[in-house]
Amino acid sequence: MRNLTIILRDLTIKRFNKLYDEGKITSEKLVEFYLERISSISLNAVLEINPDALFIARAMDEERKNNKKRSNLHGVPVIIKGNIDTKDKMQTTGGAKALLGNYVNNDAFLVKKLREAGAVIIGKSNLTEFANFVSYEMPNGYSRLGGQTKNPYGNFDVGGSSSGSAVAVAADFALVSIGTETSGSILSPSSSNSCVGLKPTVGTVSRNGIIPISYTQDTAGPITRTVEDAFEVFRIIYGFDLNDPATYIVKNKKVPEKIKEISDYSGMIFGYSKQFFNWLTHEQILLFKDSLKKVEKLNGKVVEIKFENLDKINNINVLFYEFKHGINNYLKDKDLQVKTLTDVINFNFKNKDAIPYGQSILLRSDTTDINEREYIESLLNDRKYAKGGIDWLFEKYNLTALLFPANYGAHITAKAKYPSITVPAGYTDTGPFGLTFSAREFEEEKLFSLAYLFEKNFPIRKIPLEK
């Protein structure tokens, strides 16, 4: 087992396929390896194991023996965030006690695409409960059903809300994972666990079959150990879904077959802002500044910029309104006692152990009506000042991309519905830290090229040590 562990730790999709073709590994053996690690390393990263995973892996192996390889993800073990529907023997609870028993009738659209590509879904990951939309007091990575997710790099913040998805990748519980983001929920845990995380343009990946927070900001995306793996997963889950109107924007668009490689950042201009430095430790600021120097070493030009009108978008008003409307629509046809947000709140009051950190956000959301003037004004402000503000900066400075420390600034790009990718940038006394590249809608191809070059020249990620 020791030799196998050395071979399979920190595995990538490309290396998995190479080892497979050389007859050194099978999907079934890899699933066994990950299941053994999940059971023996206590990080509270996984809510549920798929009891059919080994059978599915064997089936994928049989297909491959008969020269029926579906994609580069054929036989690849994947962890799915616990707020994403899977039509199998696993529940979709979002980590909440009120949703226990939620066995759904259909796969989420992205899950269906993963299965069609031959991926093996081996489990559901823990998360900050209801994707961190229960209480201001709830810590990152905590859910009532999964407990407190732990960082494999030490006693550090695990990030949220896709905490378990990032930890599963960092700790080798799966080859890749899927997270969801409304505002930083992929970027934050990816940065905190030294992973690569892609938050795509809203509408490039279907939200159908995902417990919602926001119609206007929700998306799903990959969390991986390399930029190339994030690209491979994105290619699979990308696409038009008749049941998600947001995806009409990609009905006639395709993802390239591979990352466009660039030799350096010559002629490219990157903007960064010091407005987020107040949220960082001194060591994190130094690390971010060092990342900017690395960009410059690759011949990129770095300029300081400033976001205007942040006071008009530094709120989550839109989320309060859209969550209530969205969760009511999600629950209405489920075989559960709770059918509305009000039902969930009442369940929690009757079962006090369900909400150890309270439910202040749920209570605030339940007072809203999506027809209210405040919702429309907040929605229009987000479009005007977040999207408009970013567009103005890109045009004023002729920017190639924005650079952010970790997930700081994610709320701006989230409100604009714009894509971001984070890559490992280093380690501080508060844990791993990432560098985030952000651009405008449909510019994922550019972001992959930028991040791939940075990763290739500065291979910073370390495998977490195990006691």
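# Briefing: a mixed sheet and its surroundings

Glu181 has Thr219, a residue of β8, as its bridge partner. The model is predicted: local features need pLDDT of at least 70, side-chain atom pairs count only at pLDDT 80 or more, and totals for chains, interfaces and linings use all residues. Residues are numbered from 1 along each chain as its sequence is written, and side-chain values use heavy atoms, with hydrogens and water left out.

**Overall form**

- The protein has 16 helices and 13 strands; helices (H or I, at least four residues) and strands (E, at least two) are DSSP runs, numbered from the N terminus.
- With a radius of gyration of 21 Å, close to the 23 Å that the globule rule gives for 467 residues, the protein is as compact as a globular protein of that length. This radius is taken over C-alpha atoms, and the globule rule is 2.2 Å times the number of residues to the power 0.38.
- Along the principal axes, the C-alpha atoms fill a box of roughly 60 × 55 × 45 Å.
- Of the 467 residues, 60% count as buried; buried means under 20% relative accessible area, exposed over 50%, and partly exposed in between (1.4 Å probe, protein chains only).

**The sheet**

- An open sheet with mixed pairing is formed by eleven strands, in the order β1-β3-β2-β6-β8-β7-β12-β13-β11-β9-β10.
- Because β1 (46-49) and β10 (301-304) stand at the edges with a single partner strand each, one side of each is left without a neighbour in the sheet.
- From one strand to the next, the twist averages 30°.
- β6 pairs with β8 (residues 219-224) in the antiparallel sense over five bridges; two strands pair if DSSP finds at least two bridges between them.

**Helices on the sheet**

- Helix α7 (residues 163-170) lies across β2 (77-81), β3 (120-125), β6 and β8, and runs at about 160° to β6. Axes are lines fitted to C-alpha atoms, for helices over the stretch in contact, and angles run from 0 to 180 degrees between N-to-C directions.
- Helix α10 (residues 282-297) also packs on the sheet, where β9, β10, β11, β12 and β13 are touched by this helix.
- Eight of the eight residues of α7 are buried, so α7 is largely enclosed by the rest of the structure.
- The cover over these buried residues includes β2, β3, β6, α8 and β8.

**Thr182**

- Thr182 belongs to the loop between β6 (176-181) and α8 (187-192).
- This residue, Thr182, is buried, with a relative accessible area of 9%.
- The side chains of Thr182 and Asp218 are joined by a polar contact of 2.6 Å. Such a contact is a pair of N or O atoms within 3.5 Å; within protein, one must be able to donate a hydrogen and the other to accept it, and residues adjacent in sequence count only if both atoms are side-chain atoms.
- Leaving aside residues up to four places away in sequence, Thr182 touches Ile213, Ser214, Gln217, Asp218, Leu319 and Ala414; contact means heavy atoms within 4.5 Å.

**Nonpolar cores**

- The largest nonpolar core has 92 residues, of which Leu114, Ile178, Tyr265 and Phe437 touch the most other members.
- Another core lies apart from it, with 25 residues, among them Val104 and Tyr142. A nonpolar core is a set of buried Ala, Val, Leu, Ile, Met, Phe, Trp, Tyr and Cys residues joined through side-chain atoms within 4.5 Å.

**Backbone details**

- Gly160 and Ser161 are joined by a cis peptide bond, with omega about 5°.
- Asn309, although not a glycine, has a positive phi of about 60° and, at 33% relative accessibility, counts as partly exposed.
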